[in-house]
Amino acid sequence: MSAPAVASQPRSSKTESYVDNKRKDDIRQANILAARSVADAVRTSLGPKGMDKMISTASGEVIITNDGATILNKMEVLQPAAKMLVELSKSQDAAAGDGTTTVVVIAGALLKQCFTLLSNGIHPTVISDSLHKAALKAVDVLTAMAVPVELSDRESLIKSASTSLNSKVVSQYSTLLAPLAVDAVLSVVDPAKPDLVDLRDIRIVKKLGGTVDDTELVKGLVFDKKVSHASGGPTRVENAKIAVIQFQISPPKTDIEQSIVVSDYTQMDRILKEERNYILGMIKKIKATGCNVLLIQKSILRDAVTDLSLHYLAKSKILVIKDVERDEIEFITKTLNCLPIANIDHFRAEKLGYADLVEEVSLGDGKIVKITGIKDMGRTTTVLVRGSNQLVIDEAERSLHDALCVVRCLVNKRFLIAGGGAPEIELSRQLGAWAKVLHGMEGYCVRSFAEALEVIPYTLAENAGLNPIVIVTELRNRHAQGEINAGINVRKGQITNILEENVVQPLLVSTSAITLATECVRMILKIDDIVTVR
């Protein structure tokens, strides 16, 4: 009697549960473990009380950072699936600019849940599809929670920027850097295309010396180099007419390597005389247009300026800034509202830019050149970042970039959302409720997706040295009572209404984090074999 029952059992289980061969299981397991170990590496740097990582590269340079994208970028990851998490944080950096740690942590938690589901014998495709559904639902829930914001409401923008800065090394300067980031972005927004911000229009110039407090926003241009003092040229010019030139003010040279044999001195003198006349002719043309400031592009083929030409330029009271980088030319011409001049014959007054003042300012141990009061200035702005050592300056620049990105997100999509783990718990609660409505495997998968989202508040509490289990349980309780915006207040170590504490983030950061994380996890799930090609 028992024999047929035993025989019929495997068949029924074969149709219902998913039987995979051992190898594919191993590959999936290896992928998930590798990706999770990457996620655990950055997990400790999440949130305002997160730790920083010190990265020592092979070349011996040291980077101290809290930015998820930077940490993963510098890590040498060899396992292909773990590389996907690095790419994931890069794409979050491109899409939203902030939340690079969050996205990796969410992906790691999702993978952990998927691992459990897989070992329970659910088919990867089923998990993958329900993840997709849950992610779409999550975006809807977030959008419903969001609070609209106007660009004229400077306070809200500053709040969100300072929230982004709070998790960084330079958090004590967030009162200075947050308004600075907001003003920088708002001054770049083009009224014709109000929802596009190109962060390339904001140039960050780093200068050693001083403290981060001395960071300032410059309406105009800043060059991190000295004026060429060849022979007493001017260092300060008012009512400047500025030319950006891409040709060389030096005697012409042949294109091919060859040597000229000069047999006697008269010929030698003739050559020198010709050179002088050539340079003088050029400078006369320049002077004729009334130009009194020259920005000279770096030249590869021959010297952009020689001592002789610098001498003549100083004589005719023209201020010279040489060795302007090739890729800065576009920014400079856009700011000065002038055209780059590629040839001396095209040197005309209408191609010049006009400014009230060009002067050399000494800062710290070096000097910089400032151009202010530019007439018809393009929509660009320059931020001068100062700091006591190179590590601080680099980190300040990265943090500022994150803050700028946050403001850019708000310009693109004008909605704010609470921070401090509030949206994640709310999502977890609503998805959990939705999972009860779904039937079959889907409900099971969505429920584990909901559980995975609790990793964010859990980690926040853990990094702040609070008891994570107590905090997360209390959070769930508060949300179940309908306090949508209850979140973890890390400073006080308890749960408060996060919106009143001014901890806010753009909607775009959260939505893109969840969609990108699920996309990445679905991709890792679908892989069942790694083929190496030698």
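Q: Which residue follows helix H4, and is its phi positive or negative?
A: In this predicted model, H4 is followed by glycine 97, which has a positive phi, near 90°. Residues are counted from 1 along each chain as its sequence is written, and side-chain values rest on heavy atoms, without hydrogens or water. The model being predicted, local features need pLDDT of at least 70 and side-chain atom pairs 80 or more, while totals for chains, interfaces and linings use all residues.

Q: Where does H4 lie, and how many residues does it have?
A: Helices (H or I, at least four residues) and strands (E, at least two) are DSSP runs numbered from the N terminus. H4 covers residues 80-95, 16 residues in total. From first C-alpha to last, H4 reaches 23 Å, close to the expected 22 Å (1.5 Å times one less than the number of residues).

Q: What caps the N-terminal end of H4?
A: Glutamine 79 does, with a side-chain oxygen 2.7 Å from the backbone nitrogen of alanine 81. A polar contact pairs N or O atoms within 3.5 Å; within protein, one must be able to donate a hydrogen and the other to accept it, and sequence neighbours count only if both atoms are side-chain atoms.

Q: Which residues of H4 are buried, and what do they pack against?
A: Buried means under 20% relative accessible area, exposed over 50%, partly exposed in between (1.4 Å probe, protein chains only). In H4, the buried residues are Ala81, Ala82, Met84, Leu85, Val86, Leu88, Ser89 and Gln92. They pack against helix H2 (22-43), helix H3 (68-74), H5 and H17, where contact means heavy atoms within 4.5 Å.

Q: Where is threonine 289 found, and why is it called buried?
A: Threonine 289 sits in the loop between helix H9 (265-288) and strand S8 (293-297). Threonine 289 is called buried because its relative accessible area is 15%. Its side chain reaches the backbone oxygen of isoleucine 286 at 2.7 Å. Setting aside residues up to four places away in sequence, threonine 289 touches Lys241, Phe347, Arg348, Ala349 and Leu352.

Q: Which strand holds leucine 208, and why does this residue count as partly exposed?
A: Leucine 208 belongs to strand S4 (residues 202-208). Leucine 208 counts as partly exposed because its relative accessibility is 37%.

Q: Which residues is leucine 208 in contact with?
A: Neighbours within four places in sequence aside, leucine 208 is in contact with Asp365, Arg386, Gly387, Ser388, Asn389, Gln390 and Ile393. As for asparagine 73, it and leucine 208 are 135 residues apart in sequence and 25 Å apart in space, C-alpha to C-alpha.
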